[in-house]
Amino acid sequence: MSALDRLRADLAGIALTEDAASVRMASRDFFWFSPVLKPELEGKVADLVATPADKEELRRIAAACARHRVPLVIRGGGTGNYGQAVPLAGGVVVDMRQMNRMVFARPGGARFEAGANMLDIDKLLDPHGQELRFHPSTRAQATIGGFVAGGAAGAGSCTWGQIDNLGAVTALEVMTVEAEPRLIELRGREILKVMHAYGVNGIITEVEVPTAPSHDWAERIVTFDSLMAAARFGQAFMECDGIAKKLVSVHDPRIVPYLKRLAPYLQEGRAFAILMVSEPQADTLDLLIGDHKGEVTFRRGAAEAKAVAFGTHKERGGPGPLYEYTWNHTTLHALKMDPSITYLQLRFPAPNNLALVEWAAKEFDEDVYFHLEFQRREGKVITSSLPLVKYTTPERLTQIMERAAEGGVQPSNAHTFVLNNAGWKRIDAPQPEFKRQADPHGLMNPGKLLGWEAEAQQAAE
């Protein structure tokens with residue numbers, strides 16, 4: 001009897017899926033955004049998918065994998081772009097989405113099982129007058145555990161920063177992969193041991209986060225004469241602390257043809273900004289837009305915007321939630337129009353973020369189309385970008401990143417599945433050391449933490 005057969009016997013009563021089509025779908029994320037990752041990861045599949053209904057079933061899965069030395073990959077919504085959810089060594093994909101309960105909600109904080117969907121979380125928090133501080137553009141698909149393990153920022157980051165900022169996550173509960181799995185509670189800076197670690201060092205079972213008082217978020221699209229005119233407006237809006245905001249996203253005019261659902265509200269040759277603002281302050285925002293010679297082409301009130309996002313809007317037509325045209329959703333829309341498109345990840349640090357944007361826009365004018373996502377991090381306004389790139393060769397992508405770094409821009413490599421190669425997205429924490437505690441047999445997402453297997457072998461000798 002093989003190890004996999006013994007594993008199946010130990011998991012009797014737990015939902016297992018083995019049909020080829022379902023296993024293939026569960027073994028993929030959005031790695032195909034990258035023409036570099038696509039040939040490397042295409043065809044990598046698990047042997048089966050296990051879907052635990054609760055923590056006890058998850059404990060049985062972890063224990064059985066440890067006993068029989070079967071690799072496992074933890075999966076949420078599968079919305080990552082780096083191959084985090086792709087099993088390089090077969091084994092089991094553990095689909096966490098049935099572990100989706102709210103543990104508690106109180107003013108200023110809430111706790112959820114890791115498989116809870118982020119849109120569903122906001123629906124649960126809404127009666128409490130609370131909301132998540134920020135969420136990715138994939139809010140409708142992403143899980144909160146997956147966001148901690150592989151995400152970074154999104155709508156709300158213009159006010160609240162990124163997931164790795166101190167205070168963005170209050171606590172994490174992690175299950176070890178051992179014959180007798182343990183639960184470990186991480187708080188404070190200890191959270192960084194599993195933050196953005198692609199699920200290589202422990203199974204995140206619960207996530208506790210601070211929440212914010214909910215606002216009535218109105219949506220706007222505003223056009224400008226040029227990318228830099230729109231960027232200067234974005235900076236001014238960010239620095240206007242008196243206006244509550246959830247999204248400040250600025251786009252190059254050349255992105256217009258790729259966003260078909262927004263076509264009625266965009267103008268050829270004009271840059272545009274996609275905004276979310278607290279509705280009682282929308283008139284004040286209009287003053288700022290006028291100061292920067294912008295033209296509002298789309299307005300959606302907060303009640304309608306919420307109904308569209310929550311799926312309760314009865315009328316058809318019009319665009320979906322505007323945050324679904326920003327961050328890496330911009331890449332998704334572009335790829336539907338042009339398969340040769342890919343993307344990069346760049347950060348323009350304060351205090352010279354706009355000067356760096358202007359330099360980069362001129363330096364890479366030929367094949368890089370910028371959209372800028374404004375964030376407030378550690379008291380400073382910074383600009384990040386997931387620019388569209390007309391792909392030619394891997395060497396050209398590397399050349400852009402290297403030249404950007406020479407100019408003072410901070411690149412992060414979006415075309416690698418290796419945790420150690422993540423550029424500025426790397427977390428300064430003892431992740432390999434914690435892996436030896438939480439995953440002593442090296443079964444979790446093998447191949448994603450470069451050099452760990454060699455270190456473990458040397459330690460064993």
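Mentor: Happy to! Keep in mind that this is a predicted model. Let us start with Glu 113: its relative accessibility is 8%, so it counts as buried, the cut-off being under 20%.

Trainee: Which residue forms a salt bridge with Glu 113?

Mentor: To read a salt bridge, look for a side-chain nitrogen of Lys or Arg within 4 Å of a carboxyl oxygen of Asp or Glu. Here the partner is Arg 101, and the closest N and O atoms are 2.8 Å apart. Arg 101 sits in the loop between strand 4 (92-95) and strand 5 (102-106), while Glu 113 belongs to strand 6 (residues 109-113), so the pair ties together parts that are twelve residues apart in sequence. Arg 101 has a relative accessibility of 41%, so it counts as partly exposed.

Trainee: Where do Lys 306 and Asp 126 lie in the chain?

Mentor: Those two also form a salt bridge, with 2.8 Å between the closest N and O atoms. Lys 306 is in helix 10 (residues 302-310) and Asp 126 is in the loop between helix 5 (118-125) and strand 7 (130-132), so to speak a link between distant parts of the chain, 180 residues apart. Lys 306 is partly exposed at 36% relative accessible area, and Asp 126 is partly exposed as well, at 27%.

Trainee: How many salt bridges does the structure hold?

Mentor: There are 34. Another one pairs Arg 28 with Glu 42, whose closest N and O atoms are 2.4 Å apart. Arg 28 is buried, at 17% relative accessible area, whereas Glu 42 is partly exposed at 33%.

Trainee: Now the wider view. How many helices and strands are in the protein?

Mentor: You can find 15 helices and 21 strands. The radius of gyration is 22 Å, close to the 23 Å from the globule rule for 461 residues, so the protein is as compact as a globular protein of that length.

Trainee: What share of the residues is buried?

Mentor: Buried residues make up 58% of the 461. For contacts with a separation of 6 or more, 72% are between residues 24 or more positions apart.

Trainee: How many positive and negative side chains are there?

Mentor: The protein has 51 positive and 57 negative ones, and the centres of the two sets lie 1 Å apart.

How values were computed
Residues are numbered from 1 along each chain as its sequence is written. This is a predicted model: local features need pLDDT of at least 70, side-chain atom pairs count only at pLDDT 80 or more; totals for chains, interfaces and linings use all residues. Side-chain values use heavy atoms; hydrogens and water are left out. Helices (H or I, at least four residues) and strands (E, at least two) are DSSP runs, numbered from the N terminus. The radius of gyration is taken over C-alpha atoms; the globule rule is 2.2 Å times the number of residues to the power 0.38. Buried means under 20% relative accessible area, exposed over 50%, partly exposed in between (1.4 Å probe, protein chains only). Contact means heavy atoms within 4.5 Å. Lys and Arg count as positive and Asp and Glu as negative; His and the chain ends are not counted. The place of a charge is taken as NZ of Lys, CZ of Arg, CG of Asp or CD of Glu.
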